[in-house]
Amino acid sequence: MNTEGLQSSRLEEIFAKVDANEDLTKEDALELLSINNQSADFYTLIQKANELSRKEFGQRGYVFAQIGLNSAPCTGNCKFCSLGKDNFVAEEKSEKSLEEILQQARWIVEEKADALFLMTTADYSIEKFLQIAKEVKKLLPEDMMFIANIGDFNEDTAVRLKEAGFTGVYHIVRMNEGIDTDLPVEKRIATLDALKNAGLELIYCVEPIGPEHTYGQIADEMLRARAYDVNVMACMKRVGVPGTPLYEKGEITDLELTKIAAAARLVTRPKKSMNVHEPKAMALIAGVNQLYAEVGMNPRDVNAETGNGRGFSIQNVKDMLAQAEYVTRA
Ligand code: SF4
């Protein structure tokens, strides 16, 4: 850790680059991430990220809503996930019917979310997914983002996702991908390239961050997101699910996540919104202007209906954004 004085002058240098719209380097990112959470510089960073979001995003807050379509042992086999095939700890296997999905999509539209995400495990049938998507799309207003969150795919599938009405895809290289997951990094990158080549918007996130991950790894994903020119960026901490292999490694604090989000705001420079997941009120003073509501299954919950478990409702997150004086879609 640098001394307080040295750190501050280095911060000034980094902030001057931000003001000049110059790209920050990995070293800059590491400097920001290494700030002591109990120092004055921590608040300087938070302030800068907040200033940038308020300046570039105005008071606009965004609510994204995700429906998890199924719960089943997944060959992605991620060691943090309640659905990994070797450590399936979800309360049950389940799959939503088309009618249930349409009902939840209608509700999400009525509640005026800005984006609807459909999420599945990696092995879910792409044909079924595309059929469902086409029906869901009919319910959505023209300007609503429609995002797929599924396993890896090639360019042909990317084109079909676009034809089905998706505007974008949530896809990432996870922390310790290929080590804590059964999915090779190259395959994840090939999917990122496929979706971009098909003209779909990439929604990126540094996740799932645990205490064992280095700032170097975290910075690399911020820079990867910037290389893909994202509009929408996020950071998510790993939620320890009892019974999963990484549970014992513990979790980072909300304060640490808030610092990482502030750093990501400055390093990645998303053009539309910045998120932390799961929703944290404190991150809303650190440049975050977007939160997720969730229904159905999610990898951080054992409850097949996360709306009754860890998931936040659309109204919950709208209220949180309003308390931070962000205005959501009326
Ligand atoms: S995080 Fe996704 S890919 Fe990994 S095991 Fe869970 S559902 Fe499968």
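**Exercise 1.** In this predicted model, determine over which ring the charged end of arginine 60 sits, and how far from the ring centre.

*Solution.* The charged end of arginine 60 sits over the ring of tyrosine 62, at 4.1 Å from its centre.

**Exercise 2.** Classify the aromatic pair formed by phenylalanine 64 and tyrosine 292, and locate its two members.

*Solution.* Step 1: A pair of aromatic rings is described by the distance of the centres and the angle of the planes. For phenylalanine 64 and tyrosine 292, these are 5.7 Å and 75 degrees. Step 2: Planes over 60 degrees apart count as edge-to-face, so this pair is edge-to-face. Step 3: Phenylalanine 64 lies in strand 1 (residues 62-68) and tyrosine 292 in strand 11 (residues 290-296), 228 residues apart, and the pair thus links distant parts of the chain. Step 4: Both phenylalanine 64 and tyrosine 292 are buried. Ring pairs also join these two residues with Tyr62, Phe117 and Tyr170 into a cluster.

**Exercise 3.** Classify the aromatic pair of phenylalanine 129 and phenylalanine 166.

*Solution.* Step 1: The centres are 5.5 Å apart, and the planes form an angle of 5 degrees. Step 2: Planes under 30 degrees apart count as stacked, so this pair is stacked. Step 3: Phenylalanine 129 belongs to helix 5, whereas phenylalanine 166 is in the loop between helix 6 and strand 6 (168-170), 37 residues apart. Both phenylalanine 129 and phenylalanine 166 are buried.

**Exercise 4.** Describe how helix 5 and helix 6 pack.

*Solution.* Step 1: Helix 5 (residues 126-137) and helix 6 (residues 155-163) pack at an angle of about 20 degrees, and their axes are 9 Å apart. Step 2: Angles under 35 degrees count as roughly parallel, and helix 5 is therefore roughly parallel to helix 6. Step 3: From helix 5, Ile126, Glu127, Phe129 and Leu130 meet Thr157, Arg160 and Leu161 of helix 6. Step 4: The residues of this contact comprise four nonpolar, one polar and two charged.

**Exercise 5.** Decide whether methionine 233 is buried or exposed, and describe its surroundings.

*Solution.* Step 1: Methionine 233 lies in strand 9 (residues 232-237). Step 2: Its relative accessible area is 0%; buried means under 20%, so methionine 233 is buried. Step 3: Leaving aside neighbours within four places in sequence, methionine 233 is in contact with residues including Tyr204, Val206, Met222, Pro270 and Met274.

Note on methods
Residues are numbered from 1 along each chain as its sequence is written. This is a predicted model: local features need pLDDT of at least 70, side-chain atom pairs count only at pLDDT 80 or more; totals for chains, interfaces and linings use all residues. Side-chain values use heavy atoms; hydrogens and water are left out. Axes are lines fitted to C-alpha atoms, for helices over the stretch in contact, and angles run from 0 to 180 degrees between N-to-C directions. Helices (H or I, at least four residues) and strands (E, at least two) are DSSP runs, numbered from the N terminus. Angles under 35 degrees count as roughly parallel, over 145 as roughly antiparallel, 65 to 115 as roughly perpendicular and the rest as oblique. Contact means heavy atoms within 4.5 Å. Ala, Val, Leu, Ile, Met, Phe, Trp, Tyr, Cys and Pro count as nonpolar, Asp, Glu, Lys and Arg as charged, and the others, Gly among them, as polar. Rings of Phe, Tyr and Trp (its six-membered ring) pair if their centres lie within 6.5 Å; planes under 30 degrees apart count as stacked, over 60 as edge-to-face and the rest as tilted. Buried means under 20% relative accessible area, exposed over 50%, partly exposed in between (1.4 Å probe, protein chains only). A charge sits over a ring if NZ of Lys or CZ of Arg is within 6 Å of the ring centre and within 35 degrees of the ring normal.
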